[in-house]
Amino acid sequence: MTNLSLYTVRAVIILDGDGNRLIAKYYTRGPGEPSYKTLKEQKKFENDLFTKTKKTNSQVVLYDGQTVVFTSSSDVYIYLVGDPEENELLLLAALQGFYDAVCQLVKYDLSKRRVLDNLDMVVLALDETVDDGIILETDGNVIASHVSKRGVDSIDVSLANLNEQSLIDVYKQAKERFNLALLK
């Protein structure tokens, strides 16, 4: 019997077209040792994984005793790493949701430059998708809306007040000018 657990993701890695790290988050599976303790081990794993997958047409590979699902777009590679007995469909759903959310957040131009320019939103989308190795959300639209709501609400409200205030000021000025024109 398999061990059922909410901890499904061991790592989320985003690499550029040369295999260099853009974002990487490694998770422990509850109380236990991390899968890759040092930065050197992580970099080696990422470089070897990139080498293995850069010319593969498949979205699922078994690498280094772990299930890896990935997708790529122009010069960005996104990987989700799970245990070998992990459900590939669940990992793929989480990956697709994260990918869709990031595409929405970067205006459907997923490239290294856009990821780096919008790094804060990409990391927030990652945190909305996976938290401490537990998949929270798989719907890209929901993830993108949660991320875009965080900083936009306060900005939109203040801009709306500014726009309303400006309209009220314009209305008052127009009313005064009209009254002055009538008095003359």
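Student: Leaving aside its neighbours within four places in sequence, with which residues is Ile-78 in contact?

Tutor: In this predicted model, Ile-78 is in contact with Ile-13, Ile-14, Val-69, Phe-70, Thr-71, Leu-95, Phe-98, Tyr-99 and Leu-110, apart from those sequence neighbours.

Student: Which residues have the most contacts inside the largest nonpolar core?

Tutor: They are Val-9, Ile-14, Ile-78, Leu-80, Phe-98 and Leu-110, in a core of 30 residues. Strands E1 (11-16), E2 (21-26) and E5, together with helices H2 (88-105), H4 (119-129) and H5 (140-183), each supply at least two residues of this core. Helix H2 gives the most, with nine residues. A second, separate core has 15 residues, and Ile-13, Tyr-26, Val-61 and Tyr-79 are among them.

Student: How is a pair of aromatic rings described?

Tutor: One states the distance of the centres and the angle of the planes. Three aromatic pairs are present in the structure. In one of them, the ring centres of Phe-50 and Tyr-77 are 5.1 Å apart. Their planes stand at 90°, and an angle over 60 degrees counts as edge-to-face, so this pair is edge-to-face.

Student: Which parts of the structure does the pair of Phe-50 and Tyr-77 tie together?

Tutor: Phe-50 belongs to helix H1 (residues 39-53) and Tyr-77 to strand E5 (residues 76-82); the pair therefore ties together parts that are 27 residues apart in sequence.

Student: Is Phe-50 buried or exposed, and what does Tyr-77 count as?

Tutor: The cut-off for buried is under 20% relative accessible area. Phe-50 has 6% and is buried; Tyr-77, at 12% relative accessibility, also counts as buried.

Terms used: Residues are numbered from 1 along each chain as its sequence is written. This is a predicted model: local features need pLDDT of at least 70, side-chain atom pairs count only at pLDDT 80 or more; totals for chains, interfaces and linings use all residues. Side-chain values use heavy atoms; hydrogens and water are left out. Rings of Phe, Tyr and Trp (its six-membered ring) pair if their centres lie within 6.5 Å; planes under 30 degrees apart count as stacked, over 60 as edge-to-face and the rest as tilted. Helices (H or I, at least four residues) and strands (E, at least two) are DSSP runs, numbered from the N terminus. Buried means under 20% relative accessible area, exposed over 50%, partly exposed in between (1.4 Å probe, protein chains only). A nonpolar core is a set of buried Ala, Val, Leu, Ile, Met, Phe, Trp, Tyr and Cys residues joined through side-chain atoms within 4.5 Å. Contact means heavy atoms within 4.5 Å.
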